[in-house]
Number of protein chains: 4
Amino acid sequence: MEETDPKPAGARGPFRTRATHHRDEAEVEFSRIVAFSDGVFAIAITLLVLALEIPAAATDVGEELWDQRDSLFAYAISFAVVGRFWISHHRFYSSLARFDNTLMGLNLFYLAWVVLVPFSSEVLGDYNENTDATIVYAANMAAASFTFVFQINYAFRHGLMRESERALAPRYAGPANFIIAAIFVVSIPVALLSTYAAQAMWLVSILVGRRISDWVAARQGVTPD
Amino acid sequence: MEETDPKPAGARGPFRTRATHHRDEAEVEFSRIVAFSDGVFAIAITLLVLALEIPAAATDVGEELWDQRDSLFAYAISFAVVGRFWISHHRFYSSLARFDNTLMGLNLFYLAWVVLVPFSSEVLGDYNENTDATIVYAANMAAASFTFVFQINYAFRHGLMRESERALAPRYAGPANFIIAAIFVVSIPVALLSTYAAQAMWLVSILVGRRISDWVAARQGVTPD
Amino acid sequence: MEETDPKPAGARGPFRTRATHHRDEAEVEFSRIVAFSDGVFAIAITLLVLALEIPAAATDVGEELWDQRDSLFAYAISFAVVGRFWISHHRFYSSLARFDNTLMGLNLFYLAWVVLVPFSSEVLGDYNENTDATIVYAANMAAASFTFVFQINYAFRHGLMRESERALAPRYAGPANFIIAAIFVVSIPVALLSTYAAQAMWLVSILVGRRISDWVAARQGVTPD
Amino acid sequence: MEETDPKPAGARGPFRTRATHHRDEAEVEFSRIVAFSDGVFAIAITLLVLALEIPAAATDVGEELWDQRDSLFAYAISFAVVGRFWISHHRFYSSLARFDNTLMGLNLFYLAWVVLVPFSSEVLGDYNENTDATIVYAANMAAASFTFVFQINYAFRHGLMRESERALAPRYAGPANFIIAAIFVVSIPVALLSTYAAQAMWLVSILVGRRISDWVAARQGVTPD
C-alpha cells in the first residue's frame, strides 16, 4: 500500500483522464475498481435468492416449497454462471499491468449485464418452460459474455496486460474465448424449438465449457497448464 | 499497510475529532471511508435491478417482458449515471492527501442522495411520461451532483488535496464542475413542458457531458490531458 | 500486508480461540472484521431505500410521491443515525491495538441491531404517528447504542486499545458515552405521551448529540481536541 | 501489497489454472477471494432483515409487530448461525498458505448454500411450527455445514494449509468438525416428531456447539488453547 509517486507533479492527477495508469503507481485506484467489481458480483449473486419466495399465508407449505423447484434450478444455474463470471473477471484483472478510462467504462458496461442476471433468473424460475423467458435469459448471459470478451480484447490490444501474459495471445484473442458466449447465442434459436434443449446446452456449457475452450486453445498451441 | 505513528501519544486518537488526518498516517481509516463509499455505490447500482419485475402468474410472458422496456431504459440511464458518479468519486478520493470529519459528513450526505437513486429510478421506469416522476428523478440527480461538487470545493479550499492537484484550481472550483448538475436542474422546468425533452437532456449529458466540461476547463487554461 | 509470524508453530492458529491477536500480527484477520462490518453498514444503510415505494399502477403519481414524505423523513433520520454509528465504529476500531473472540462476538451482536434498522425505519415511515412504531424504532436504536457502548467498554477493560487511547479512560468508560443511547431510551416513555416529542428528541440527538457528549467529557477533564 | 513475481514469464498467468498459488505470490487474487466471500456473507446476513415486514395499511400496528415475533426468532437464530459460519470461514482462510482452483469452486459451492439462508429463514419465520419449513431450514444449514467441512478437508489433504496448522490434523479432519453439521442433520427426523424439539437442538448447538467440539477435539489430543 506504499504509494510511489515518481512522476513530476500533476502527471497522474485525476484529470489526466486519457492517461494509462500502471497498477503499482495507482494501487489505491486499481484496488477500488477491483473492489467495486467484487462488490457488484457479490451483491448480484446474493440477490438471486430474492427470486425464491413463498406466500406468507399458504395452506400447504410443503406444496409451496415444492413449487419453488424451478426457481431453485434457475438459482443454481445462475449462481454457477455468475460465479464463473466472477472467477474469470478475477483472473483477467490479475493479469493486468495497467488500466485506462476506457477499460473502466467497458467494465461498467459489462457489470450492467451482470447486475441484470437476478431479474432474468427470476423470470426463468417463474416461467422455465416459456420461450420468451428462456430467450431473455440466454440473451442476458450472451451479452455479459461478449462484453467481457470485448474487455479482454481491448486490454490485450492496448498493451494493458503483463508482459508474461502477452505470450498467450491466441488464447486471449482467439476463438476459445468466445465459446461460452457462442453457446448462449446458439441457444436462442434452439429455445424457439425447445426450451429444454436450450437449457440443456447451458448445463453442458457450465459443466464442460472450460474443457472445450482449453481444447480449442491447445489446438492453437496454447497449453492451458 | 505499515502503520506509522510518529506523533506524540494521543495526538491522533479517535477523539481528536477536529483534527485533519493525513492519509498515510491514517491509512486504515482512509481505506475504510473509500471502502464504505464503494460498498454503497456497488449496492445502490445493483439494487437498480429490483425495479425490473414481472408478475409471477402472467398469461403472456412476452408482453410482460415488453412492458418492462421503460424500466429497462431507466435502469440503463441510472446505471450509467451512478457509474459515472462512482468514477468521479474514485478520482476525487485518489486526489486527496488528507481528510477530516467534515469531509466524512459531507460524503455521507452525498451518499444519502446516491442511495435514493434506485427509488427515483423505479418511479421513472414505472411512469416515464409522468411530469412528477421526471422531476423527482432530475431533482435527485441534481442534489447528488451538487453535494458532490460541494464536497470537492470543501476539500479544495481546506487544503485536503495533494499539492500536485492544487494547480488545477480553476478546474476543481470552476464552472466546469457544475455542468452536469446544472443540466439536471435545467431539466426540471423543461419536464413541465415535455418529459421527453428533459430525458433527452440527460442522455446528452451522459454521452457528451465530460466533453463539455473538458471544453469549459480548457477555456480556463486547464488542459484535461 | 507483510505477514509476520514470530511466534512458535501453532501459537496463533485458528484454534487458539481464546488468544488475543495483535492487529499487526493478524492484519488479514483484523482487516476482514473491519471489512465485514463496513459491508454490513453499507448494505443496511442502502436497504433503507427499499422503504420508499409507490404502487406500479397509481392514478395520481404526484400524490403517491407526496405520501412518501413520512418515509423520506424516516429515511433521512435513519441514514443519519446509521451513518453516525458507522463513523463511531470506524473511530473505535482505529483505536484498537488488538482483538479477541469475545470482541468479535460482541461486534456481531451489535451488527444484528444495526441490520434491523431498515425494518424499524420502514415501520416508522409507514406509521410515523403510531406509538408502537415509534417505540420499536427507539428501542432498536437504543439497543444498537448500548451494545456498541458495551463493546467499547469491553475493549477498554481488556486492554485491547492502543496505549495512547488509554489516557482517555473517563471518556471511553464514562457517562458521555451513554448519552445518545440514553436519549433513545428516554424517548420510549415520551412516545407514550407524544410521538412528535419523541421524534424531536432524536433530531436533537442527531444535531447536537456529539456536542453534548463532548461537553460531558470536558467536565471530566477529557479534552475532545 | 508489493507484488513479487519471481517465477519465469507466464508461470503464474491466469491460464495456469491447475497450479497452486501461494498467497504471498498471489496476494491480490487471494484478497479478492476473501473479500468476495466476506461480501457475500455480509449481504446474506443483512438480507435476513427483509423477512421482517408489516403491511403498509394495518389497522393495529402493535398487533402486526407482535405477529413478527416468530420472524424475529428466525432472524436471531439465522444471524447467529451465519455469523458463526463467517467466523469459521475467517479462521479457516487465515490458516491457508495457498489456494487452487478446486478450492475456489468448493468455496463458491459453499457460498451458494449460505446465500439460500435468507430464503429458508423467511420460510421458517412465517411457518415456524410447520414440519416442512423446519426441515428445509435444517437441510439448508446441514448442507452449508457439510460443504464447509468438505472444503476444510480438501485444503488439509492437499497441503494448502500453513505448516503450523498441520499439527492440528485430528482437529481439522476429525469428528469434532462434523458436530454442528450432524446436529442439523439429526434435527431433520426430529422435526417429523416435534418442530419445537428440532429448533431447541439448533439453539443448543448455537449456545454450546463450540464447547462440544472443543471437548471432542481434546479427547483426541488436540488442545484448543
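These legends go with several close-up views of a predicted model.

Residues are numbered from 1 along each chain as its sequence is written, chains are lettered from A and ligands numbered from 1 in the order in which they are written. Because this is a predicted model, local features need pLDDT of at least 70 and side-chain atom pairs count only at pLDDT 80 or more, while totals for chains, interfaces and linings use all residues; side-chain values use heavy atoms, with hydrogens and water left out.

**View 1. Chain A and the predictor's confidence in it.**
Let's start with the whole chain. Chain A has 9 helices and 2 strands (DSSP runs, H or I of at least four residues for helices and E of at least two for strands, numbered from the N terminus). Along the sequence they come in the order β-α-α-α-β-α-α-α-α-α-α. Of its 225 residues, 59% are buried (buried means under 20% relative accessible area, exposed over 50% and partly exposed in between, with a 1.4 Å probe and protein chains only). The average pLDDT of chain A is 81, and 78% of the residues score at least 70 (pLDDT is the predictor's confidence in each residue, from 0 to 100). Within this chain, confidence is highest in helix α4, with a mean of 94, and lowest in helix α7 (residues 169-173), with a mean of 57. Take care with residues 1-18 of chain A, where pLDDT stays under 50. For the complex, the predictor gives an ipTM of 0.82 and a pTM of 0.85.

**View 2. Helix α4 of chain A meets helix α3 of chain B.**
Here two chains come together. The axes of α4(A) (residues 101-126) and α3(B) (residues 69-94) come within 11 Å and cross at roughly 140° (axes are lines fitted to C-alpha atoms, for helices over the stretch in contact, and angles run from 0 to 180 degrees between N-to-C directions). That angle makes α4(A) oblique to α3(B) (under 35 degrees is roughly parallel, over 145 roughly antiparallel, 65 to 115 roughly perpendicular, and the rest oblique). Residues making the contact include Leu108(A), Leu111(A) and Val115(A) on one helix and Phe79(B), Trp86(B) and Ile87(B) on the other (contact means heavy atoms within 4.5 Å). By class, the contact residues are 11 nonpolar, 3 polar and 1 charged (Ala, Val, Leu, Ile, Met, Phe, Trp, Tyr, Cys and Pro count as nonpolar, Asp, Glu, Lys and Arg as charged, and the others, Gly among them, as polar).

**View 3. Helices α4 and α5 pair up within chain D.**
The axes of α4(D) (residues 101-126) and α5(D) (residues 131-157) come within 9 Å and cross at roughly 165°. The two helices are therefore roughly antiparallel to each other. Their contact has 19 nonpolar, 8 polar and no charged residues.

**View 4. Ser120(C) in helix α4 of chain C.**
Now zoom in on one residue. Ser120(C) has a relative accessible area of 3%, so Ser120(C) is buried. Leaving aside residues up to four places away in sequence, Ser120(C) touches Val136(C), Tyr137(C) and Asn140(C).
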